[in-house]
Amino acid sequence: MNVSVIIDEKSKVPKYKQVVDSIVSDVSSGKLKLGDKLPSINELSEASYLSRDTVEKAYKNLKNRKIIISVKGKGCYVSKNELISKINVFFLINKLSSYKMKIYNSFVKHLEGLGHVSLFIYHCDESLFVNLINQHVGGFNYYVIMPHFKTDKLDHISLTKEALTVMDKIPNEKIIVLDNKVDKKNAYSEVYQDFENDIYDALKKGVDKILKFDKINLVFPKNTFYPYPRRILHGFKKFCFEYSLNFEILSEISENMDIKKNEIFIVIEESDLVNLVKLKRDNNLVLGKDIGVISYNDTPLKELLGITVVSTDFKQMGETAAELILNKKHDKIKNPFNFIDRKST
């Protein structure tokens, strides 16, 4: 039998998934070639001491993924689907935002057809993160992971013990951590934002514009479904203390808030930006003169509206991650973060 199915009785990974992972590994390594015939369900069941249902479930999974095909009356064969010969990437993001999709789309485009990328979303939920990785351990050549989690109190945390434990099931060289810097042991490749120093350095680049205003406000959301790293808050305070600025931390911009002239606002949530622009209009204030606005994370709409931003380069992050895979490199790379000056400051 040309299939080497290895079953770990002590593993928490379901046995059918272990069958899937073994066959995918044989295909990836070239031990199983395109067109090779697989043992029948009964043959593999007997040879591996597995139930027929377990093998049948594994074969169904492989068929759904187009890794094998079934020919009526003849059996199952390694599929001629071209995706088998490509790099298979497990791409796990914490939320489905325009920023994260820009990273994903850039990553896929930069692979230039050499890879097949499967997208998964875990909504900052630790248990979903753990389950998704457990389900797919061994099934991909690379695992691109964005680690952002929320506590029971909806605070942000970069990595949890349980998340790290499940990541340890994947060989270090197959993991690329995106967006967040979490690894202190130099085990994983990373393309990361330095949330504290990024905002500090970016605001310093725009300090001349900021100093025109009497007060600077950071609108830092609390108790949101997708919490933000508090390192952003630390970097903002560091900047304000260095320049002895009058500052305030707000949790939101409400529709009936009383805003005053000669203040500048740094907003993270798009809803707060919308409310701020409405308040500017309702109070006949001139953007960039009476009040200032700096938004966190750039979008084409903000560019069109002339909103000044501090933002990482999402396109570059995706490209850099793809380059690490294409060049088989292990590295830790800080992603560019910019102050983009427009008419709102």
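Biologist: What makes you call strand S3 (residues 87-93) mostly covered?

Modeller: Buried means under 20% relative accessible area, and six of the seven residues of S3 are buried. Keep in mind that this is a predicted model.

Biologist: How do you know that S3 and strand S4 (residues 115-121) pair, and in which sense?

Modeller: Pairing takes at least two bridges. S3 and S4 have seven, in the parallel sense, with Asn88 opposite His116 in S4. To get from S3 to S4 the chain goes through helix H4 (residues 98-110), a β-α-β crossover that is right-handed.

Biologist: And what makes S3 and strand S5 (residues 142-145) a pair?

Modeller: That test again: at least two bridges are needed, and four join S3 to S5, so they count as paired. The two strands run parallel, and Leu92 stands opposite Ile145 in S5.

Biologist: On to helix H10 (residues 270-282). How do you know that its span agrees with what it should be?

Modeller: With 13 residues at 1.5 Å a residue, H10 should span 18 Å, and its end C-alpha atoms are 18 Å apart, so the two agree.

Biologist: Which residues of H10 are buried, and why do you put them on the same side?

Modeller: They are Asp272, Leu273, Asn275, Leu276, Leu279 and Lys280. Their arc around the axis is only 165 degrees, which is why they sit on the same side of H10. In general, an α-helix has 3.6 residues a turn, so residues three or four places apart point the same way. The buried residues of H10 pack against strands S10 (215-219), S12 (263-267) and S13 (291-296), and against helix H11 (300-305).

Biologist: What does the face turned away from the buried side carry?

Modeller: The exposed residues Arg281 and Asp282.

Note on methods: Residues numbered from 1 in each chain as written. Predicted model: local features only at pLDDT ≥ 70, side-chain atom pairs only at ≥ 80, totals over all residues. Heavy atoms only, no water. Buried < 20%, exposed > 50% of the residue type's maximum accessible area, 1.4 Å probe, protein only. Right-handed = clockwise from strand over helix to strand, strands pointing away. Expected span 1.5 Å × (residues − 1). Arc of directions from axis to C-beta. Contact = heavy atoms within 4.5 Å.
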